[in-house]
Amino acid sequence: MHESTLRRTLSSFGAVGLFLGGADGYLIGAATVPVLVGALVGAFIGTGLALLGWQPRPQDEAPAGPAARHGKQPNYVLIWAILFVLTIVEVSVAFLALAKVQIIIALVVLAVWKALLVALYYMHLKFEPRRMWLLAASPLPLAMILVLAVLTEGW
Amino acid sequence: MSQSATMAMPAGRTMPGMGVYNLKLGMWVFLLSEVMFFTGLIGAYIILRFAHPDAYTDPGTVLNVPLTAFNTFVLICSSVTMVKAFAAIEAGDQRGLRLWLLATVALGAFFLSVQGIEYFKLASEGFVPIASLYAAEGAPLYGATFYTLTGFHGAHVTIGVLCMSFTSFKAFRGAYTQADHGGVEIMGLYWHFVDLVWIILFTIVYLI
């Protein structure tokens, strides 16, 4: 089989699989709008990623690894300080006299912020080729579908 | 090891495919499967918590938030020491690599010790994953989900500390060089991922 045909076939399988995954999330959570939207958005993004990742295209021209950082290291201690501050903010927010929903939203935003800092700087994702970004983002739509599905289970 | 062969990537040139060396690609794919592994556990936690809100207490009632916040800080510090080890070998600093790796092993072991003490104290207060022995506030479900989530993470840290000890051992034998240090980088990827998972778990298990 020609290489590009093989790639397109695999992409189609990936797209169908992701769409079924989205539909599955919809069924688990009963007929609720958030799950439907989440599943569709997830399937859409996942499909886009599958297609982008598999289409034959020229090598990324941007340099990777140490070259992308021009031989310099990012300011790891600064990132550490931000993480430290965010942790303190998180613990404080958890005990504020706010509505539970507000606290949860704030905490999730802060946790995602911290997680992104670790991934981008400590795991050097910021300096990887674009294809690595696509790879690293690939489970996120699936994770989103699952979380949205279980979040809306009781509604 | 065949690391030198897979690492052979002249500066400024990318390999075909993902544009990274094979060891790193393999570690990333493994970590992405780990994302789904923890998503499954977190999904189960969310569904159980929504279904049984009374089984759970307000943050700080049963669990010791200050102690765990301190432990979170320890784990974040271990990520810095790990990345410093990587920065050291990237600059060809063997002594720096060894010292920062040892510091990371020590901080990881310290995190596990604190978690062990936390488990011991919680268990002595009746907060256990066994329904018939549960004596704390809330319901046995609380204990079950708490120990499942933090236990799986703790297992990951334990494996990380063991692998990191091996990496340190190799570092003392001079296995890594400025041109070839893929082992340190992928060890770091795993370690930072475990830290990242803890950031999420600390938020949803202890603070929400």
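**Chat about a predicted two-chain model**

User: What order do the elements of chain B run in, from the N terminus on?

Analyst: Starting at the N terminus, chain B runs α-α-α-α-α-α. In total that is 6 helices and 0 strands. Keep in mind that this is a predicted model.

User: What box do the C-alpha atoms of chain B fill?

Analyst: Roughly 60 × 35 × 25 Å, taken along the principal axes. Chain B has 208 residues, and 38% of them count as buried. Of the contacts in chain B with a separation of 6 or more, 75% are between residues 24 or more positions apart.

User: Which elements of chain A have the lowest and the highest mean pLDDT?

Analyst: Helix α2 of chain A, residues 33-54, has the lowest mean, 47. Helix α4 of chain A, residues 100-122, has the highest, 88. The pLDDT is also below 50 over residues 23-33 of chain A, a stretch with 18 contacts beyond near neighbours in sequence. Residues 50-63 of chain A are below 50 as well, and that stretch has 25 such contacts.

User: And where does pLDDT stay under 50 in chain B?

Analyst: Over residues 1-13 of chain B, for which the model has 18 contacts beyond four places in sequence. Where pLDDT is low, the predicted coordinates should not be read in detail.

User: OK, new topic. How many residues does helix α3 of chain A have, and how far does it reach?

Analyst: Helix α3 of chain A covers residues 76-94, which is 19 residues. From first C-alpha to last it reaches 27 Å, close to the 27 Å expected at 1.5 Å a residue.

User: Which of the residues in α3(A) are buried?

Analyst: They are I79(A), W80(A), L83(A), T87(A), E90(A), V91(A) and A94(A). Seen down the axis of α3(A), these buried residues fall within an arc of 110°, so they line one face of the helix. An α-helix has 3.6 residues a turn, so residues three or four places apart point the same way.

User: What about the other side of α3(A), which residues are exposed there?

Analyst: V77(A), L78(A), A81(A), V85(A), I88(A) and S92(A).

User: What covers the buried residues of α3(A)?

Analyst: The cover includes α4 of chain A, plus two helices of chain B: α3 (65-90) and α6 (182-207).

User: How many residues are in contact between chain A and chain B?

Analyst: 42 residues of chain A are in contact with 38 residues of chain B. On the chain B side, the elements giving two or more residues are α2 (22-51), α3 and α6. α3(B) gives the most, with 11 residues. By class, that side of chain B has 25 nonpolar, 10 polar and 3 charged residues.

User: Let's do a single residue. Where is M132(A) found?

Analyst: In helix α5 of chain A, residues 130-137.

User: Is M132(A) buried or exposed?

Analyst: M132(A) counts as buried because it has 20 C-beta neighbours inside 10 Å, and 20 is the cut-off. R131(A) and L135(A) in α5(A) are buried too.

User: What does M132(A) touch?

Analyst: Not counting residues up to four places away in sequence, M132(A) touches L125(A) in chain A, and M18(B), G19(B), V20(B) and W28(B) in chain B.

User: What is the phi of H124(A)?

Analyst: Phi of H124(A) is near 60°, a positive value in a residue other than glycine. Most residues other than glycine have a negative phi. H124(A) sits in the loop between α4 and α5 of chain A. With 24 C-beta neighbours inside 10 Å, H124(A) counts as buried.

User: Last one. How many residues does the largest nonpolar core have?

Analyst: 60 residues; those with the most contacts inside it are A85(B), L97(B), L189(B) and Y190(B). Both chains supply residues: α3, α4 and α5 of chain A, and α2, α3, α4 (94-124), α5 (140-172) and α6 of chain B, each give at least two. α6(B) gives the most, with 17. There is also a second, separate core of 6 residues, including L142(A), I145(A), L148(A) and A149(A).

Note on methods:
Residues numbered from 1 in each chain as written. Chains lettered and ligands numbered in written order. Predicted model: local features only at pLDDT ≥ 70, side-chain atom pairs only at ≥ 80, totals over all residues. pLDDT = per-residue confidence, 0-100. Helix = DSSP H or I, 4+ residues; strand = E, 2+ residues; numbered from the N terminus. Contact = placed C-beta atoms within 7 Å. Expected span 1.5 Å × (residues − 1). Buried ≥ 20, exposed ≤ 12 C-beta atoms within 10 Å, placed from the backbone. Arc of directions from axis to C-beta. Nonpolar A, V, L, I, M, F, W, Y, C, P; charged D, E, K, R; others polar. Core = buried A, V, L, I, M, F, W, Y, C linked by C-beta atoms within 7 Å.
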